[in-house]
Every structure is written in C-alpha cells, then in structure tokens.
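Biologist: I would like to go through some side-chain pairings with you. Can you put the model up?

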Amino acid sequence: LAWGQQIGNQEDYVSTPFDGTTPTIEGIQMLRTRASLAVVMGDEPTKRRCEQEIAQAMTGLRQNLWQADLGRFAFFRDPLGVFRDLAVSALRHLAGSPRVRKVYEIVFMRCEYTDELAAVARRQKKDANQCLAQCGTLLDQAVECGQLPKGTDTHLAAQAMHAYIGGLMREWVQAPRSFDLKATAPALIDVFLAGLTARPPRKAA
C-alpha cells in the first residue's frame, strides 16, 4: 500500500521500521477509499473484504502501538530502542547522581552488611530482579516484531545484559576517573546491542 514515497510532512512511508503507526493509518485510509469505490461499483465482496482488513489493522494498531499513559500511538514499535534507552538512562543516572553512586559504592565495595546496610542490599536485589524481568519482556517483544530472530534465548540475553551493565557500573564506581560513564553510555550499550543482534544466543534444540 502506498500513494508514493512520502506521506504527510516528514514521514516516509517505506522507511518506517517494523510496526508503524503512520503507514498503518494511511493503509486504513486507502482501504476505506477502496471500500467506497466498491460500494459505487456494487462490488459487495470487495467492500466486505476491505472492512475486515480495516478492522484487523485497527485492532493490531491499538494492541501494539497505543500508549495509554500518553494517550496516543507510538510512531513505531521498537523494543530494542526502548531497551537501549533504559540501559543508557541507568548508566547516566548513576554517573549524574552522587546519592546513587554512594548506594552502589555500598553494594559493590562492602564485603559484609550490617543490619542497616542489609536493607540496601535487599532493595538492590529487588530492583535487579525487576530490571531482569523488564529486559526479558522487551527482548521477547523484539523477537515478536522481527528485531531479533525466532529462537533467540531472551532469558540468557537479559542475564548477559544485566551482567554487562552491572560490570560497567562496578568498574566505574571503583575507578570513576577511568572513563566518562555519562558521555560514553550510548556507545557502551551500542557495543552490546551490536553483538546481540549479530550473534544472539539461541535456545537449545
């Protein structure tokens, strides 16, 4: 479906990756136009087919791209982009917050926990488990929309990402002058994602 290369102001129809809102909506409009022509021509089967495809497209659009918290559709479905943004944000949050850095110094550098510090350790473990679950969900979605191949072991990939980010955090907390974590966070995450997309771990046969 396309009336040409460009749609609207700056949205290129053919360049929208994966499940995109703009091409879907424009496709629906085209189907509506085709259904109207079918009515004029007395072509009832084509009209019904177009209406069915419109309903299917609307259902898929709402299921995959509706953002309830923002009250609008996302431009396109990009789980790995969300995954990258979250990882970069986590590194930059550590680099930009003395309070967070102090917490991680406690977590990474203390061999034994007092009763007071044990609460910090429990909170950190809870946050880590939530992070792993969120990463796993995003990687599953990346497989669903074709960003990662079917058969990717998303559980192992999430564990690897978690260990990689944890290692970066530990190295920086122990030697913050060794590299600029805030400035290099995007490049550091891109290194991991490049390897993940090129050679993703596969589930055992």
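Biologist: How many salt bridges does the count come to?

Modeller: This is a predicted model. A pair qualifies when a side-chain nitrogen of Lys or Arg is within 4 Å of a carboxyl oxygen of Asp or Glu. By this rule the count comes to seven.

Biologist: Which residues are linked with E44 in a network of salt bridges?

Modeller: E44 forms a salt bridge with R48, with the closest N and O atoms 3.7 Å apart. K47 and E51 pair too, at 2.8 Å from N to O. The network links E44 with K47, R48 and E51.

Biologist: Is E51 buried, partly exposed or exposed?

Modeller: E51 sits in helix α2, residues 44–65. Buried means under 20% relative accessible area and exposed means over 50%. E51 has 38%, so the residue counts as partly exposed.

Biologist: How far apart are the closest N and O atoms of K102 and E105?

Modeller: K102 and E105 are three residues apart in helix α4, so about one helical turn separates them. K102 is partly exposed, at 49% relative accessibility. The two form a salt bridge, and the closest N and O atoms are apart by 3.8 Å.

Biologist: With which side chain does the side chain of T154 make a polar contact?

Modeller: T154 is found in helix α6. T154 counts as buried because its relative accessibility is 9%. Beyond its neighbours within four places in sequence, its contacts include G136, L139 and V143. The polar contact, at 2.6 Å, is with the side chain of D140.

Terms used. Residues numbered from 1 in each chain as written. Predicted model: local features only at pLDDT ≥ 70, side-chain atom pairs only at ≥ 80, totals over all residues. Heavy atoms only, no water. Helix = DSSP H or I, 4+ residues; strand = E, 2+ residues; numbered from the N terminus. Buried < 20%, exposed > 50% of the residue type's maximum accessible area, 1.4 Å probe, protein only. Polar contact = N/O pair within 3.5 Å; in protein donor to acceptor, adjacent residues only side chain to side chain. Contact = heavy atoms within 4.5 Å.
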